[in-house]
Amino acid sequence: MALTRRSLLLSGASICLLPSELLAGSPDRQPNILIIYADDLGYGDLSCYGADTIHTPNIDRLAARGTRFTNGHSPSATCTPSRYALMTGDYAWRASGTQILPGDAPALIRPGRFTLPAMLKDAGYATGLVGKWHLGLGNGSVDWNEEIGPGPRDIGFDEAFFIPATLDRVPTVLIDGRRVHNLDPADPIRVNYKTRIGDEPTGAEHPEALKYGADPEHSNTIVNGISRIGYMEGGHAARWRDEELSDLLLSKAVDFMTANSDNPFFLYYAVNEPHVPRAPHPRFVGKSGMGPRGDAILQLDWSVGELMRTLDELGLTDDTLVIFSSDNGPILFDGYEDRAVELAGDHDPSGIYRSGKYSIFEGGTRVPMITCWPGHVRAGHVSSALVDHVDMAASLAALVGRPLPRDAAVDSLDMLAPLMGRTDKGRDHAVEDTKLMVTTGTTVASSGERILALRTDRWKLIRGSVEPHEFHGNAIGTQPRDQLYDLQKDPGERNDLAASRPEIARAMAAQLDRIESA
Ligand code: NG6
Ligand code: CA
């Protein structure tokens, strides 16, 4: 007997609902998918998440037209591992080398591997990356003057216009496909992270030339008045101007959506706001009253409004699933003296949650998350479902009707129903992750011990590791012994119940061990 959708549903053989059962009506075409991935944006940084000294009307409008999640998680408390999990559907802690990557790291996701963009490409999507990559490039040493690969184009993106690593790392150039954008061959680029090269001024030697001061790790070559991590020479015509970057990336995103308005498209729009160094366009400067960090959030909000306007103008709003989130929690000071700490006032970027970026506490991974697709995603809904970006692979595969290959996306669960706002039942559990920060020479890399926590709807177990410590003002959340928190009663993770509820702590520790070795 042929298995129809209905017989599958009635037999209970598959609990997973097929997409059309979830949707208000079958779409005429595969929906476009737009993931807007902010960088270091915290749970409390948006007015729709309770911020009252910063106003984000465009993102609030997205939330009002869609579903807003109160228990949405980035897979990790830093960038590279979260993006790795988003792209592959595997938790980053299962693999080695998935810590914050230096600017010259080789490609972490190797060609041939299952990825979210490759899956969507196979499903007939035009796939594009615009913005931050930070998942490594090349095979070991990148010559920035030649074709660069493997990179995004080799793991499923048809088009890619991207920042190789972070805004605070050299080389401060954009890559268009496989080549540095605007590179003058007569002015080749050289980069070094260990040894000074070239004769350009550094922040350490010329603090008077800087827009703002920086810590020693961020005090190497000065580009556009901002000292960076690492040394660089050449490539002058290719260097981005931080103040213009957001508009440039937005124009590339708009171009991509416009060019592909007749195809289903997948756009991974990985913006930089409000990651350091924060240098928003002058039209946002001073507008938040919180200095560059707040102004950068206003710039982000404006860009989201422009993307929504573009979808409207292209007549694609009703055909596009927009997913908005952030790669990890917030940080105020992250190497640059841009007065973010002093000007935050009463604003708490992680809301009621403890700590932020780099932390195993909730502030590290509980991030804003919004889905919007008029007519399909429930509008005006606030969902408490536990969902994780690692679930995008399985959920979007379900949406477009693609089976996941065996052994691929092993941690990714089909969360399409909660993502559509059709149920508030999400995951039973999720693993949160961070790595300790370790100083290596002049830079800080998170190549230290990996700290894991297991979340259920109510409980959280943080595995024991080292004595409590902080990085850049954010408590990492470690203790030498396991910690247990009741997140329903104690969302701020202040009362460790491991000693008073040892049976729960033991059971969760055993469950975490099993997940880790699965
Ligand atoms: C750290 C940088 C920090 C930031 C981070 C990556 C130092 C002291 N700090 O190594 O400024 O760039 O890496 O942030 O070097 S993330 O959001 O991309 O993970
Ligand atoms: Ca980040």
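**Reading the model**

A: Of the 518 residues of the protein, 54% count as buried; a residue is buried if 20 or more other C-beta atoms, placed from the backbone, lie within 10 Å of its own, exposed if 12 or fewer, and partly exposed in between. This is a predicted model, in which local features need pLDDT of at least 70 and side-chain atom pairs count only at pLDDT 80 or more, while totals for chains, interfaces and linings use all residues. Residues are numbered from 1 along each chain as its sequence is written, and chains are lettered from A and ligands numbered from 1 in the order in which they are written.

Q: How many helices and strands are there in the protein?

A: Helices (H or I, at least four residues) and strands (E, at least two) are DSSP runs, numbered from the N terminus. The protein has 12 helices and 24 strands. Its radius of gyration, taken over C-alpha atoms, is 22 Å, close to the 24 Å of the globule rule (2.2 Å times the number of residues to the power 0.38), so the protein is as compact as a globular protein of 518 residues. The C-alpha trace spans about 75 × 60 × 45 Å along its principal axes.

Q: What does UniProt annotate over residues 31-401?

A: The unreviewed UniProt entry carries the annotation "domain: Sulfatase N-terminal" for residues 31-401; such positions are given in the numbering used here, feature names are shortened, and annotations may be inferred rather than shown by experiment. Over residues 31-401 the chain is 23% helix and 16% strand, with its end C-alpha atoms 12 Å apart.

Q: Which residues have the most contacts inside the largest nonpolar core?

A: In soluble globular proteins, nonpolar side chains tend to be buried together. A nonpolar core is a set of buried Ala, Val, Leu, Ile, Met, Phe, Trp, Tyr and Cys residues joined through C-beta atoms within 7 Å. The largest one here has 140 residues, and I36, L267 and Y269 have the most contacts inside it. Helix α7 gives the most to this core, with 9 residues. Two residues are in contact if their C-beta atoms, placed from the backbone, lie within 7 Å. Beyond its neighbours within four places in sequence, L267 has contacts that include L34, G128 and V130.

Q: What is the strand order in the open sheet of 4 strands?

A: Two strands pair if DSSP finds at least two bridges between them. The order is β17-β20-β21-β24, with antiparallel pairing. The edge strands, each pairing on one side only, are β17 (429-435) and β24 (483-486). Strands β17 and β20 (residues 450-456) are joined by 7 bridges, and A430 stands opposite R455 in β20.

Q: Is S355 buried or exposed?

A: S355 counts as buried because 26 C-beta neighbours lie inside 10 Å. Its phi is near 65°, a positive value in a residue other than glycine. H472, also not a glycine, has a positive phi of about 50°, and H472 is partly exposed, with 17 other C-beta atoms within 10 Å.
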